[in-house]
Amino acid sequence: MEKEPLTVLVTGAAGQIGYAIVPMIARGAMLGPDQPVILHMLDIEPAAESLNGVKMELIDAAFPLLRGVVATTDVQEACTGVNIAVMVGGFPRKEGMERKDVMSKNVSIYKAQASALEKNAAADVKVLVVANPANTNALILKEFAPSIPEKNITCLTRLDHNRALGQISEKLNVHVGDVKNVIIWGNHSSTQYPDVNHATVTVNGGDKPVRELVANDQWLNTEFITTVQQRGAAIIKARKLSSALSAASSACDHIRDWVLGTPKGSWVSMGVYSDGSYGIQPGLVYSFPVTCEKGQWSIVQGLKIDEFSRGKLDATAQELIEEKSLALSCLN
């Protein structure tokens, strides 16, 4: 029996990340190799022609799992019947712009899209916010889509999580698939805290702590953290464009693990609603270590937080509290 197709919305679909992610979704990288999909692609009016070009390419690629493509500039049409929404569209910060300017533009975009999802999407829609400021955009979305359960609105910190895995695998010269349980705490910004205190590497069939294998606390507490925090900026400097490929790939990872479950004994990082775990103010969208099962995520509990980490967790929470009040001031 073939599975019923799932409808996946990608906003900002004519942009760089959109162009990278739609073929991944159509190929089964997001929902599995046996899950047919219908793609809904949304972008703004000036990008309509380019969006149509992406649609032509999707048709030309003859993806066996792709059961339909809608390319539209109408937010209501785009959100109709959607099971999974990947919110890539947002207003990027341009030179000379204040944070408040960017925030107020994104507040109005996310307000409109939240209302359209609320009205038209499937009742159990799962939402992933990619556009920055991702944590706060997810918060705004929740505000204006009150009927979507808060467990169903998340933001992307998997990119940072994967970057941390990549740095450790390079440092130790091991396969990235053998590194697990790094954590990204907090905001998808340069205050995030990449934490390896609970991370392990599979060596000769057993799991060894990353700290023990790296045997260089100085590197782990300084350069490793800043490299992960500033990796996006380093890629922009090198490519003159943002990290679209890795963002698209990690968005697929995020949804795949959320829908199909995390491997036993390992966790991933997701920006989710804080319930007060680890002393983080409830009601913030904050990145925690989570495990997923049957389409639900749960925050990993009981991890020991040392003094160094505590300071980092609180600093990134503080930034999120400030962003939240900035967003609320834009709403008023």
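Modeller: Contact here means heavy atoms within 4.5 Å of each other. This is a predicted model, in which local features need pLDDT of at least 70 and side-chain atom pairs count only at pLDDT 80 or more, while totals for chains, interfaces and linings use all residues. Residues are numbered from 1 along each chain as its sequence is written, and side-chain values use heavy atoms, with hydrogens and water left out.

Colleague: Which residues does arginine 163 contact, leaving aside its neighbours within four places in sequence?

Modeller: Arginine 163 is found in helix H6, which covers residues 158-172. Helices (H or I, at least four residues) and strands (E, at least two) are DSSP runs, numbered from the N terminus. Beyond four places in sequence, the partners of arginine 163 are Val228, Arg231, Gly232, Ile235 and Ser243.

Colleague: Is arginine 163 buried or exposed?

Modeller: The cut-offs are under 20% relative accessible area for buried, over 50% for exposed and partly exposed in between, with a 1.4 Å probe and protein chains only. Arginine 163 has a relative accessible area of 12%, so the class is buried.

Colleague: Which positions does UniProt give for "binding site"?

Modeller: UniProt positions are in the numbering used here, feature names are shortened, and annotations may be inferred rather than shown by experiment. The entry is unreviewed, and UniProt lists Arg93, Arg99, Asn132 and Arg163.

Colleague: How far apart are the farthest two C-alpha atoms of that set?

Modeller: The UniProt "binding site" positions are Arg93, Arg99, Asn132 and Arg163. They span 71 residues in sequence and do not all gather at one spot, because the farthest two C-alpha atoms are separated by 25.2 Å.

Colleague: Is arginine 93 buried or exposed?

Modeller: Arginine 93 sits in the loop between strand E4 (84-87) and helix H4 (99-120). Leaving aside neighbours within four places in sequence, the contacts of arginine 93 are Glu98, Arg99 and Val102. The relative accessible area of arginine 93 is 52%, so the residue is exposed.

Colleague: With which side chain does the side chain of asparagine 187 make a polar contact?

Modeller: A polar contact is a pair of N or O atoms within 3.5 Å; within protein, one must be able to donate a hydrogen and the other to accept it, and residues adjacent in sequence count only if both atoms are side-chain atoms. Asparagine 187 is in the loop between E8 and E9 and counts as buried at 1% relative accessibility. Beyond four places in sequence, Asn135, Gln192, Thr316, Glu319, Leu320 and Glu323 are in contact with asparagine 187. At 2.9 Å, the side-chain partner of asparagine 187 is glutamate 319.

Colleague: Which backbone oxygen does the side chain of serine 274 reach?

Modeller: Serine 274 is in the loop between strand E12 (268-273) and strand E13 (285-293). The residue is buried, with a relative accessible area of 5%. Not counting residues up to four places away, serine 274 touches Ile280, Gln281, Pro282, Gly283, Leu284 and Phe288. At 2.9 Å, the backbone oxygen reached belongs to isoleucine 280.

Colleague: What is the C-alpha separation of isoleucine 299 and tryptophan 267?

Modeller: Isoleucine 299 belongs to strand E14 (residues 296-299) and counts as buried at 10% relative accessibility. Among the residues that isoleucine 299 touches beyond four places in sequence are Val272, Tyr273 and Phe288. Isoleucine 299 and tryptophan 267 are 32 residues apart along the chain, and the separation is 9.2 Å.

Colleague: How far apart in space are aspartate 178 and aspartate 207, C-alpha to C-alpha?

Modeller: Aspartate 178 lies in the loop between H6 and E7, and E7 covers residues 179-180. Aspartate 178 is partly exposed, at 30% relative accessible area, and touches Thr200, Val201 and Thr202 when residues up to four places away are not counted. Aspartate 178 and aspartate 207 are 29 residues apart in sequence, and their distance in space is 8.9 Å.
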